[in-house]
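Colleague: I would like to learn how to read helix packing, sheets and pockets in a model. Where do we begin?

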Amino acid sequence: MKKPNKDYSKNNGCIDCGRLIQNRSKRCRICYAQNYLRPLYIKRQQKKYKDVTITPQAEQILLGSLLGDGTLFKHKYSPSFREIHCLNQKEYLEWKSKILNLPSNLTIINIPKNGSITNYKEIFYQTRSLPQLAPYYNLFYPYGKKVVTKEILNNLHPLGLAVWYMDDGSYNKRGVTTIHTNSFPYEYHILIQNWFKKRWNISTRIGSTKSKNLNKHFLIHINQTNTQKFIKIIKPFIHKSMFYKIDFDIVAIREKNKQEYIKQKARTFCPACGNNCIGSLCIKCQYKTRIRDSVLGIQLEDSLTKQLLKNLKFKY
């Protein structure tokens with residue numbers, strides 16, 4: 001015998017939100033998860049990881065990493081911290097994990113390259129979902145997307161600033177350091193620029209680049225004079241494996257730039273056309289001589305080749 005269909009039309013909706021329910025329960029699944037399962041899960045996590053604490057030094061590494069390459073991913077009701085680096089920066093990521101001292105996993109993963117069969121290896125760090133990380137998630141992700149606020153920047157100390165530079169910083173041959181804050185909009189760059197000036201007395205410049213999709217991305221540039229101030233602040237906290245990002249002499253870079261400038265001015269003149277050139281002949285004359293040599297190698301018996309040579313303006 002088939003069971004008769006149950007009629008739930010007389011049942012009321014959810015007690016909390018008023019949503020219609022197709023069974024005899026008093027709450028819908030969403031309200032049941034928020035009001036009962038969430039606090040139960042958080043209590044269990046707090047009992048399980050009650051001995052886990054975040055020290056002030058670990059807090060600075062979290063702040064600097066979240067401004068750089070780190071992210072917080074909300075799993076169920078408590079967030080977890082994630083970060084990926086190449087294998088050359090394995091020691092740097094291990095140094096971070098030791099200072100954080102959180103229950104985590106550090107593994108090597110294979111990531112496929114775009115448009116190729118081969119894969120390249122990277123090191124992946126991820127913590128367990130911890131209720132201790134919830135305040136940092138609310139600070140950086142109030143609307144589900146990463147933000148930069150004055151509260152975050154004011155809590156950043158030299159150690160956090162060094163971690164931020166080790167994640168996203170670089171320098172060029174001219175001695176100009178840049179922080180690649182590509183993922184942040186222009187408004188946050190103005191906030192960062194003002195913070196550098198007020199807090200550290202370092203003047204910066206906002207640069208821009210274009211991606212393949214022709215979208216603008218913004219960067220923070222620090223000139224040579226302010227780079228010296230910046231390096232003095234962060235140098236005591238730089239990890240030994242990341243010294244290549246600050247191990248450069250600005251005085252030597254300036255001398256090299258002067259020598260290159262002098263070489264550009266001390267150009268010679270091309271004996272064939274009279275234009276400025278670095279070598280014995282300019283690029284146009286070198287190209288013409290190559291064509292002349294290739295044409296002269298051809299046998300001149302054909303009338304067409306003779307006519308071609310007449311049209312070419314070369315002196316033999």
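Modeller: Begin with the words for angles: those from 65 to 115 degrees count as roughly perpendicular, those under 35 as roughly parallel, those over 145 as roughly antiparallel, and the rest as oblique. Keep in mind that this is a predicted model.

Colleague: At roughly what angle do the axes of helix 6 and helix 8 cross?

Modeller: Helix 6 spans residues 158–168 and helix 8 spans residues 224–234; their axes cross at roughly 115° and come within 8 Å. The two helices are therefore roughly perpendicular to each other.

Colleague: Which residues of helix 6 and helix 8 meet?

Modeller: From helix 6 the contact takes Pro158, Leu161, Ala162 and Tyr165, and from helix 8 it takes Phe230, Ile233 and Ile234. By class, this contact has 7 nonpolar residues, with no polar and no charged ones.

Colleague: How are helix 2 and helix 3 placed, and at what angle do they pack?

Modeller: Helix 2 (residues 56–67) packs against helix 3 (residues 90–100) at about 135°, and their axes lie 8 Å apart. In helix 2, Gln57, Ala58, Ile61, Leu62 and Ser65 meet Lys96, Ile99 and Leu100 of helix 3. The residues of this contact divide into 5 nonpolar, 2 polar and 1 charged.

Colleague: Now the sheets. What should I know about a strand before I look at pairing?

Modeller: In a regular strand, side chains alternate between the two faces of the sheet. For the case here, take the open sheet of 4 strands in the order 1-2-4-3, where the pairing is antiparallel. Its edge strands, strand 1 (71–75) and strand 3 (104–112), each pair on one side only. From one strand to the next, the twist averages 30°.

Colleague: How many bridges join the strands of that sheet, and which residues are partners?

Modeller: Strand 1 is joined to strand 2 (residues 78–86) by 5 bridges, and Leu72 has Phe81 in strand 2 as its bridge partner. These two strands form a hairpin with 2 residues between them, and Lys76 in the turn has a positive phi of about 60°. Strand 2 and strand 4 run antiparallel and are joined by 5 bridges; there, Ile84 stands opposite Phe124 in strand 4. Between strand 3 and strand 4 (residues 119–127) there are 9 bridges, and Pro112 stands opposite Asn119 in strand 4.

Colleague: Last, the second largest pocket. Which residues lie nearest its centre?

Modeller: Lys146, Thr181, Asn182, Ser183 and Phe184 lie nearest the centre, out of 14 lining residues. About 270 Å³ of space lies in this pocket. By class, its lining has 5 nonpolar, 5 polar and 4 charged residues.

Notes
Residues numbered from 1 in each chain as written. Predicted model: local features only at pLDDT ≥ 70, side-chain atom pairs only at ≥ 80, totals over all residues. Heavy atoms only, no water. 1 Å grid on protein atoms, 1.4 Å probe; cavity = no way out; pocket = protein on both sides within 12 Å on 5 of 7 lines; lining within 4 Å. Points joined across faces, edges and corners; volume = space filled by probe spheres on them. Nonpolar A, V, L, I, M, F, W, Y, C, P; charged D, E, K, R; others polar. Pairing = 2+ DSSP bridges. Axes fitted to C-alpha atoms, helices over the stretch in contact; angles between N-to-C directions. Contact = heavy atoms within 4.5 Å.
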